[in-house]
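Reader: Could you walk me through this model, one question at a time?

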Amino acid sequence: MIEKELKILGITSQNLGSSTGQKWFSGGEVFESLSPVDGKLIAKVSGSSQKDYETIIGDAQNAFKAWRLIPAPKRGDIIRQLGDKLRELKPTLGKLVSYEMGKSYQEGMGEVQEMIDICDFALGLSRQLYGNTIHSERPGHRMYDQYHPLGVVGIITAFNFPVAVWAWNTAIALVCGNTVIWKPSEKTPLCAIACQKLLSEILHDNGLPEGISNLVIGDKEVGEWLAADNRIALISATGSTRMGKEVAVTVAQRLGKTLLELGGNNAIIVTPDADLNMTIIGAVFGAVGTAGQRCTSTRRLIIHESIYDKVKKQLTKAYGQLKIGDPLDTKNHVGPLIDKAAVKSYLNALDKIKTQGGKLLIKGKVLEGKGYESGCYVQPVIAEVENHYEIVQHETFAPILYLIKYQGDIGNAIALQNGVSQGLSSAVMTNNLREAELFLSAAGSDCGIANVNIGTSGAEIGGAFGGEKDTGGGRESGSDAWKAYMRRQTNTINYTTDLPLAQGIKFDL
Ligand code: UN1
């Protein structure tokens, strides 16, 4: 199924483990990469032993000493070469993403495109890591601030975006002069090995040392090693709020830096002035795309009572047209969940919806029979609920869409939308300028992402990506998110023969 792609990507029995570049390690526990598409074993991959980990961190620290001195635009050129390679390999890597993770081939290709986009962004950024010049209060003094690399950056990523989130972090961290150690999800190790292989070959071909880009394979325990390790300056972690809270505490204990991008509970508000055709497409893609396993997936639709029945009818009709099956077959809309544990949590959520008072408009089930042998394909669900239900307050990584009714003006809808502990992505569907502006104002959405007339998922890399509250507060990707990967230094230079003190303090000897 995927042999050809693995071969093109250079994945062989020699590199099924952790790596500092040209060196590969296979000292630890063995993990199986199973495809949720057909349930087949793709490969067995070795996790990192503590000994492997020590070698990797040593190489990352050594490499940092050289890498930080290479001019940023030259570092940018390495990332340009990565982008070029990704352009060439887009269908191949896109297919591996789709097969190992289970998202549609279209979305797998989209993920690789996101990698290419961040490489372009990082290349430009490598000539723009600007500080400010500041006017000094003292005569003959010059002040400015500048940004220096941090050191070794630890990157922890989730299974749902097995390549793009690495690329957002790595492309930016590397142009900023850091070296990186990546711990991908143990559910998608082959995507990680493919990325590591691509980048480390480029680094090697450019005569650069081992240890600039590193990969450690493992589960939670390896994540804990990274979080507790004071040789790692920044931990950038993407995943559940539960994981993020643990990482935050561990890293804070050693006063390290964190960048957290955690769970969402994203809503689209549908007002009486919404364009309903756009609303239905945006909501359905947001809810069932990646089988509801994006942190930006649409989980709640907050609909005005005057159009509630109409939206409900059109949505249930649209769900009736969804084709569920092999994500590599482009006629299907919805692929499988990542594994059987995810199916269990989907079934558990359905039970809770019923016991907490919700009504299933489209009932859920695990699909069986030909094409569904992996046991990971589920029926996307629509449920009528109230916002305060415990299950609605919780992020379930599955295609479950909650319909919530609001009355009165948009202020009531905004209160519901903000009435959850997470704060990642949000949207309003309206052609009413007053509603749109209120939604974007200080009294509006409390999320890191707030959209008008588009859905909650599918952000571009040019903006800063992340959210507030239980989403962790970090920002990755575009805009000035790069600043989290650097240390700021304020410099004051006196070019006179006097030594005036700031604040006019007199000190004569
Ligand atoms: C994630 O689910 O962790 O905005 C990232 C989006 C994608 C990234 C999602 N560009 O949906």
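Reader: Hello! Which residue stands opposite Ile400 in β16?

Author: Happy to start there. This is a predicted model, where local features need pLDDT of at least 70, side-chain atom pairs count only at pLDDT 80 or more, and totals for chains, interfaces and linings use all residues. Residues are numbered from 1 along each chain as its sequence is written. Strands here are DSSP runs of E with at least two residues, helices are runs of H or I with at least four, and both are numbered from the N terminus. Strand β15 (residues 381-384) runs parallel to β16 and is joined to it by four bridges, and the residue opposite Ile400 is Val381.

Reader: How many bridges join strand β13 to β16?

Author: Two strands pair if DSSP finds at least two bridges between them. Strand β13 (residues 298-304) also runs parallel to β16, with Arg300 opposite Tyr402. The number of bridges joining β13 to β16 is five.

Reader: How many residues of β16 are buried?

Author: A residue is buried if 20 or more other C-beta atoms lie within 10 Å of its own, exposed if 12 or fewer, and partly exposed in between, with C-beta atoms placed from the backbone. Ile400, Tyr402, Ile404 and Tyr406 point one way, Leu401, Leu403 and Lys405 the other way, and all are buried. Strand β16 (residues 400-406) is therefore largely enclosed by the rest of the structure, the buried count being seven of the seven.

Reader: Which residues of β19 point to the buried face?

Author: Side chains alternate along strand β19 (residues 449-452).

Reader: Which helix makes a β-α-β unit with β18 and β19?

Author: Strand β18 (residues 425-429) runs parallel to β19, and four bridges join them. The unit is right-handed: with the strands pointing away from the viewer, the path from the first strand over the helix to the second runs clockwise. The helix, residues 433-440, is α14.

Reader: How far apart do the C-alpha centres of domain 1 and domain 2 lie?

Author: The domain assignment, whose bounds come from an automatic or database source, gives domain 1 (3-262 + 472-490) and domain 2 (266-452). Their C-alpha centres lie apart by 31 Å.

Reader: How many residues does the contact take from domain 2?

Author: Two residues are in contact if their C-beta atoms, placed from the backbone, lie within 7 Å. Domain 1 gives 17 residues, and from domain 2 the number is 19.
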